[in-house]
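Student: I would like to learn how to read packing in a model like this one. Can we go through it feature by feature?

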Amino acid sequence: MLTVDDVLEQVGEFGWFQKQTFLILCLLSAAFAPIYVGIVFLAFTPDHRCRSPGVTELSRRCGWSLAEELNYTVPGPGPEGQCLRYEVDWNQSALSCLDPLAGLAANGSALPLGPCTQGWVYDTPGSSIVTEFNLVCDDSWKVDLFQSCVNLGFFLGSLGVGYIADRFGRKVCLLATTITCAISGVLTAVAPDYTSLLLFRLLQGLVSKGSWTAGYTLITEFVGLGYRRTVAILYQTAFTTGLVLLSGLAYVLPHWRWLQLAVSLPIFLLLFCYWFVPESPRWLLSQKRNTEAIKIMDHIAQKNGKLPPADLKMLSVEEDITEKLSPSFTDLFRTPILRKYTFILMYLWFTSSVVYQGLIMHMGATGGNLYLDFLYSALVEFPAAFIILVTIDRFGRRYPLATFNLVAGLACFLMIFIPHDLPWLNITIACVGRMGITIGFQMVCLVNAELFPTFIRNLGMMVCSSLCDVGGILTPFLVFRLMEVWQGSPLILFAALGLVAGGMTLLLPETKGVTLPETIEDAENLHRKAKSKERKIYLQVQTSELNTQVPERDASQGNARQE
């Protein structure tokens with residue numbers, strides 16, 4: 001029976017059609033980067049202090065520098081100086097320029113302190129949602145909520161959008177999510193208050209990840225077996241390209257509303273994907289729409305300059321006709337082996353999200369230049385993609401995925417013991433951890449798509465990756481609240497998650513060189529093939545030993561007869 005992979009071997013596994021489609025869908029991946037980690041620039045918190053009436057005029061009259069003004073009028077560095085002010089009338093004429101508080105109290109620290117009732121002064125030439133809505137001090141948790149909101153949208157959208165993609169097709173999902181993402185992004189840029197900002201951010205989260213995942217699923221289903229893992233990795237590398245471009249764009253546009261508009265308006269151009277990217281023939285076959293699938297495969301052959309197979313009309317999905325092909329959430333847990341796949345993948349997604357986002361936030365909270373730090377941490381993801389491409393061919397999926405999760409966990413563990421006077425060593429180890437978890441993050445996407453059968457592949461991707469979104473919801477609160485207890489507390493959590501993830505990965509089957517499963521039975525056979533392969537290797541070793549023992553035994557018997 002002719003399958004999609006059989007046809008692709010003849011018409012081109014990665015020809016002109018696949019390359020054109022791949023480049024178009026990579027734009028979706030790059031556009032997702034500002035949504036996922038744009039919080040770094042949209043909600044950066046600059047140095048700030050209480051706005052005290054009269055301080056500006058007194059500073060101008062006395063000719064103070066900024067350092068002198070801070071020394072004379074701010075209670076001190078750290079949270080105290082950022083969230084409290086002296087209860088002093090700075091307009092009174094009795095204040096001197098040399099030490100204005102000397103005449104009010106013997107010790108300036110004994111003066112009463114009060115909250116910042118007049119707002120704050122921010123030391124930044126740009127703006128963020130923090131500076132515009134005063135999300136500091138007692139309201140600093142609202143920044144965490146802003147990021148958690150988009151991850152909550154990812155989580156809620158994972159279930160609904162994944163079902164739509166598997167029930168109504170990848171193209172319909174792609175169109176609906178892309179246009180909603182673009183509109184909600186523009187609305188976020190013009191939000192008049194914090195509440196509406198959260199609502200629009202939530203809406204964008206509901207659809208943006210669905211758009212990214214639909215593109216990911218489409219490109220892995222269009223290419224042949226030999227190129228599947230390469231395009232999957234490069235699709236995620238396009239996300240890294242989006243990170244690099246975001247750092248440059250944020251530097252040029254330091255005001256958050258203009259930055260949000262700049263990353264949202266180009267998404268409207270991605271609507272043209274609907275006319276240039278056809279529906280997945282694998283999905284059409286799983287829905288018994290064979291005629292449409294045959295037409296698309298014929299179109300792919302023409303684009304690639306190849307002749308379609310003579311028996312193309314025999315194209316079908318190799319499956320029992322009694323098998324129900326409508327996707328259902330329960331299909332992910334129907335058999336013990338599928339349940340094991342689902343739960344392990346859920347944990348791997350959760351760990352990848354918490355450690356990946358957590359390291360970015362931890363480095364941002366303890367780093368220096370915002371733009372350079374972000375750029376360096378983004379650039380380290382490019383060699384991560386190269387490492388995957390090199391190792392995945394030689395060692396498969398399972399062992400590299402386990403190894404690099406262990407590397408990420410070990411790096412976080414080592415960072416706990418690095419002294420503060422060695423920042424270069426801390427950054428180096430952090431980058432190693434970032435590279436390790438980036439590799440793990442990218443590989444779990446590939447493995448997730450390869451373990452589930454076609455008719456629930458997108459649903460399986462969305463449901464399992466929803467734990468990534470749960471991790472994203474919790475990460476801002478985990479990082480910043482744990483850092484209030486001890487700066488190294490988040491690193492202990494990251495280390496534990498990474499080390500456990502490395503061990504659990506070894507319970508999954510190897511999918512290197514295996515055809516994408518079309519049915520639940522095919523997915524079950526992945527586990528059986530892995531065991532069969534191990535038994536085959538064992539039997540080969542035993543046979544080899546027996547073959548060497550037989551000549552030795554014959555020789556010894558011959559010598560005995562001669563004697």
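Student: Which residues in helix 9 meet which residues in helix 12?

Tutor: Some ground rules come with the answer. This is a predicted model, where local features need pLDDT of at least 70, side-chain atom pairs count only at pLDDT 80 or more, and totals for chains, interfaces and linings use all residues. Residues are numbered from 1 along each chain as its sequence is written, and side-chain values use heavy atoms, with hydrogens and water left out. Helices are DSSP runs (H or I, at least four residues), numbered from the N terminus. Contact means heavy atoms within 4.5 Å. Here Ala182, Gly185, Val186, Thr188 and Ala189 of helix 9 meet Trp256, Arg257, Gln260, Leu261 and Ser264 of helix 12.

Student: At what angle do helix 9 and helix 12 pack?

Tutor: Two packed helices are described by the angle between their axes and the distance between the axes. Axes are lines fitted to C-alpha atoms, for helices over the stretch in contact, and angles run from 0 to 180 degrees between N-to-C directions. Helix 9 (residues 170-189) and helix 12 (residues 256-264) pack at about 170°, axes 8 Å apart. The two are therefore roughly antiparallel (angles over 145 degrees).

Student: Is Thr240 buried or exposed?

Tutor: Buried means under 20% relative accessible area, exposed over 50%, and partly exposed in between (1.4 Å probe, protein chains only). Thr240 belongs to helix 11 (residues 225-252). Its relative accessibility is 0%, so Thr240 counts as buried.

Student: With which side chain does the side chain of Thr240 make a polar contact?

Tutor: A polar contact is a pair of N or O atoms within 3.5 Å; within protein, one must be able to donate a hydrogen and the other to accept it, and residues adjacent in sequence count only if both atoms are side-chain atoms. For Thr240, the partner is the Glu381 side chain, at 2.8 Å. Beyond four places in sequence, Thr240 also touches Ala378, Phe382 and Gln442, among others.

Student: How many residues does the largest nonpolar core have?

Tutor: A nonpolar core is a set of buried Ala, Val, Leu, Ile, Met, Phe, Trp, Tyr and Cys residues joined through side-chain atoms within 4.5 Å. The largest one has 146 residues, and Tyr216 and Trp349 are among those with the most contacts inside it. Helix 16 (residues 336-366) gives this core its largest share, 16 residues. A second, separate core of ten residues includes Cys62 and Trp64.

Student: How far apart are Gly157 and Gly210 in space?

Tutor: They are 6.7 Å apart, C-alpha to C-alpha, yet 53 residues apart in sequence. Gly157 lies in helix 8 (residues 141-168).

Conventions:
Parallel < 35°, antiparallel > 145°, perpendicular 65-115°, else oblique.
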